[in-house]
Structure formats: C-alpha cells, structure tokens
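Hello,

Here is the structure we talked about, ready for you to open.

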Amino acid sequence: MEKYIVKIVNIENNIESEITIFADEAETSDNIILKSDIKGKEIFITDYNYFSAYQKFRDKLLIMNYGIKCKGSQLNALQSGMTGACNKIYLVNSGQKALSENIVCIFEYSDIKNFPDTKAQNDFSEKWFASVKEVN
C-alpha cells in the first residue's frame, strides 16, 4: 500500500489543505484502489486502470468542491494503455508526440488554478490525438 500526501483546494473559498491518499496498486486485488478521508467522508474508488481510478477519485472531490493540485488533474494529462497499471502519465501538448521526457507521477504537485473533470480531459485527449495525426 502506497500513500501520497497531496494538496487539495476548496474551490469556493480557495483554502488549501492536505490529504493522504492510500493506493492499493493491485496488491490485494486485480484493481487499483484509491481511498482517503475528507472532512469525515471516506472516498473509495476502484478501477482496473490507474489513471481512470484517479479520475473517478478526482471527480468525486470536484463534486465536493475540492480540486487536487496534482499533475493528474491537469487538462493535458493522459495515460498510455501500456502504463495503465502504474501511477505514471504523460503531459502532452497539441501537435507534439508524447515523449518519455513528458512522463510524470499522477500525484506530483502541480500549482494549477483550474480543475477539469474527466470529460474535459477526455475531450482534450481526442483533440490531442487528432493534432498528432495531422502532423504525421
């Protein structure tokens, strides 16, 4: 079981705090399990893919009006199918291929101000894929 201490921000009043996310990285089951306690409410997510689990976790926090200040919350974050079982993602730019130098940990701190949901990230990913195809 891994644990990640991350910063969250209350989107309504901009007050930051820290939470601990416990990650069972397919150690006790075939799935990734993410869990934490926020203001007395337990958040528990499970998914076969690591980034999908993170996105579900992040979306639950967004519903509670909290954003996670992590690289995985950036609009341009996406995960390769080959890295679905680990906490690594790519941060990509339009028209540029994903390179190994663009790989970061989902939980790495990011000083972001806007917190997209999964739909916004997926929309960006589709546009990015199209932009890369245009370049080739």
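First, some ground rules. This is a predicted model, so to speak of local features I needed a pLDDT of at least 70, and side-chain atom pairs count only at pLDDT 80 or more, while totals for chains, interfaces and linings use all residues. Residues are numbered from 1 along each chain as its sequence is written, and side-chain values use heavy atoms, with hydrogens and water left out.

**The core**

The largest nonpolar core has 27 residues, and L34, F57, L61 and F107 have the most contacts inside it. By nonpolar core I mean a set of buried Ala, Val, Leu, Ile, Met, Phe, Trp, Tyr and Cys residues joined through side-chain atoms within 4.5 Å. Buried stands for under 20% relative accessible area, exposed for over 50%, and partly exposed for anything in between (1.4 Å probe, protein chains only).

Among the elements that give two or more residues to this core are β1 (2–10), β2 (16–25), β3 (32–38), β4 (41–47) and α1 (50–63). Helix α1 provides the largest share, 6 residues. The helix and strand names follow DSSP runs, numbered from the N terminus: helices are H or I with at least four residues, strands are E with at least two.

Leaving aside residues up to four places away in sequence, L34 touches I21, F22, A23, I43, F44, I45, Y50, A53, Y54, F57 and F107; a contact here is heavy atoms within 4.5 Å. Apart from this core lies another, of 6 residues, including L78, Y90, V92 and W128. As background, nonpolar side chains tend to be buried together in soluble globular proteins.

**The aromatic rings**

The structure holds 5 aromatic pairs. Rings of Phe, Tyr and Trp (its six-membered ring) pair if their centres lie within 6.5 Å; planes under 30 degrees apart are stacked, over 60 edge-to-face, and the rest tilted.

Y4 and F107 make a stacked pair, at 4.1 Å centre to centre with 15° between the planes. That pair links distant parts of the chain, with Y4 in strand β1 and F107 in the loop between β8 and α2 (118–135), 103 residues apart. Both Y4 and F107 are buried.

Y50 and F107 also pair, this time edge-to-face, at 6.2 Å centre to centre and 70° between the planes. Here too distant parts of the chain are linked: Y50 is in helix α1, and 57 residues separate Y50 from F107. Y50 counts as buried because its relative accessible area is 0%, and F107 is buried because its value is 6%. Together, Y4, Y50, F51, Y54 and F107 form one aromatic cluster.

**Strand pairing**

Two strands pair if DSSP finds at least two bridges between them. Strand β6 (residues 77–78) and β7 pair in the antiparallel sense over 2 bridges, and L78 stands opposite Y90 in β7. β7 also pairs with β8 in the antiparallel sense, over 3 bridges; there, I89 has V104 in β8 as its bridge partner.

Q55 sits in helix α1 and is buried, because its relative accessibility is 8%. The side chains of Q55 and Q121 are joined by a polar contact of 2.8 Å. That term covers a pair of N or O atoms within 3.5 Å; within protein, one must be able to donate a hydrogen and the other to accept it, and residues adjacent in sequence count only if both atoms are side-chain atoms. Beyond four places away in sequence, Q55 touches T118, Q121 and N122.

K60 is in helix α1 too, and counts as partly exposed because its relative accessibility is 40%.

**Two positive phi values**

Most residues other than glycine have a negative phi. K39, in the loop between β3 and β4, has a positive phi near 50°; K39 is exposed, at 68% relative accessible area. N65, in the loop between α1 and β5, has a positive phi of about 70°, and N65 is partly exposed at 29%.

Happy browsing!
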